[in-house]
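Reader: I would like to go through this model and ask what each label rests on. Please set the value against the rule each time.

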Amino acid sequence: MNYKLYQIHLTDAEVDQVNAEGHNSVPKQKLKLDMNFNESPEAIAKEGMDKGYFTHVSNIYTEQGLEGVFEVGNIGPEANIERLAPMYSVSVGDVVETPEGVRHVVASMGFKQLA
């Protein structure tokens, strides 16, 4: 099955701004951090999706559901990842879209369906 992985990436200019002015100076960086320290990141992730902060970075092929996406996205096999853009390992705050089109955010414990 094909799952879509979405991640937030900063541009070089946004990284420079964060370094000069702090994490809260770039809205998508602040949103990303807010998801890391929130027990209910699904509403925050939906807001980020609605604002276009996420990029579809890869398609991950697995028969093991969301847990399989997490595993493949962290330890492979690389043959099960179709990279569309730069991608880092699957972590808290990333959004996974199931083959049925349902989106979930990676939470600190498991996954939460976007509101």
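Reader: What makes the radius of gyration of the chain agree with that of a compact globule?

Author: This is a predicted model, and the values are computed from it. With 115 residues, a compact globule would have a radius of gyration near 13 Å, and the chain has 14 Å, so the two agree. Along the principal axes, the C-alpha atoms fill a box of roughly 45 × 25 × 20 Å. Of the 115 residues, 39% count as buried. Among contacts with a separation of 6 or more, 57% are between residues 24 or more positions apart.

Reader: Which elements does the chain have, and in what order do they run from the N terminus?

Author: The chain has four helices and six strands. From the N terminus on, they run β-α-α-α-β-α-β-β-β-β.

Reader: Why is E14 called buried?

Author: Buried means under 20% relative accessible area. E14 has 19% relative accessibility, so E14 counts as buried. E14 is found in helix α1, residues 12-21. Leaving aside neighbours within four places in sequence, E14 is in contact with H9, V26 and K28.

Reader: What makes the approach of the E14 side chain to the backbone nitrogen of T11 a polar contact?

Author: A polar contact needs a pair of N or O atoms within 3.5 Å, one able to donate a hydrogen and the other to accept it. The side chain of E14 reaches the backbone nitrogen of T11 at 2.8 Å.

Reader: Why is V72 called buried?

Author: The cut-off is under 20% relative accessible area. V72 has 6%, so V72 is buried. V72 lies in helix α4, residues 65-75. Not counting residues up to four places away in sequence, V72 touches I60, Y61, T62, P77, N80 and I81.

Reader: How far is V72 from E39, in sequence and in space?

Author: V72 and E39 are 33 residues apart in sequence and 24 Å apart in space, C-alpha to C-alpha.

Reader: Which residues of helix α2 are buried, and how do you know that they line one face?

Author: In α2, residues 27-36, the buried residues are K28, Q29, L31 and M35. Seen down the axis of α2, they fall within an arc of 160 degrees, so they line one face of the helix. An α-helix has 3.6 residues a turn, so residues three or four places apart point the same way. The buried residues of α2 pack against β1 (2-8), α1, α3 (42-50), β2 (54-61) and β5 (103-106).

Reader: How do you know that the buried residues of α3 line one face?

Author: The buried residues in α3 are I44, A45, G48 and M49. Down the axis of α3 these fall within an arc of 140 degrees, so they line one face of the helix. Their cover includes β1, α2, β2, β4 and β5. After α3 comes G52, with a positive phi near 80 degrees.

Reader: In what order do the six strands form the open sheet, and what makes β3 and β6 its edge strands?

Author: The order is β3-β2-β1-β4-β5-β6, and the pairing is antiparallel. β3 (81-83) and β6 (111-113) are the edge strands: each pairs on one side only. From one strand to the next, the twist averages 30 degrees.

Reader: What makes β1 and β4 a pair?

Author: Two strands pair if there are at least two bridges between them. β1 and β4 (residues 95-97) have three bridges, in the antiparallel sense. Here L5 stands opposite V96 in β4. Helix α2 packs on the sheet, touching β1, β2 and β5, and its direction makes about 115 degrees with that of β1.

Reader: How many bridges join β4 to β5, and how many join β5 to β6?

Author: Three bridges join β4 to β5, which run antiparallel. V95 has V105 in β5 as its bridge partner. β5 and β6 also pair in the antiparallel sense over three bridges, with V106 opposite F111 in β6.

Reader: Which residues take a positive phi in the two hairpins?

Author: The hairpin of β4 and β5 has five residues between the strands, and G101 takes a positive phi near 90 degrees there. The hairpin of β5 and β6 has four residues between the strands, and G110 takes a positive phi near 80 degrees.

How values were computed: Residues are numbered from 1 along each chain as its sequence is written. This is a predicted model: local features need pLDDT of at least 70, side-chain atom pairs count only at pLDDT 80 or more; totals for chains, interfaces and linings use all residues. Side-chain values use heavy atoms; hydrogens and water are left out. Buried means under 20% relative accessible area, exposed over 50%, partly exposed in between (1.4 Å probe, protein chains only). Contact means heavy atoms within 4.5 Å. The arc is that of the directions from the helix axis to the C-beta atoms. Axes are lines fitted to C-alpha atoms, for helices over the stretch in contact, and angles run from 0 to 180 degrees between N-to-C directions. The radius of gyration is taken over C-alpha atoms; the globule rule is 2.2 Å times the number of residues to the power 0.38.
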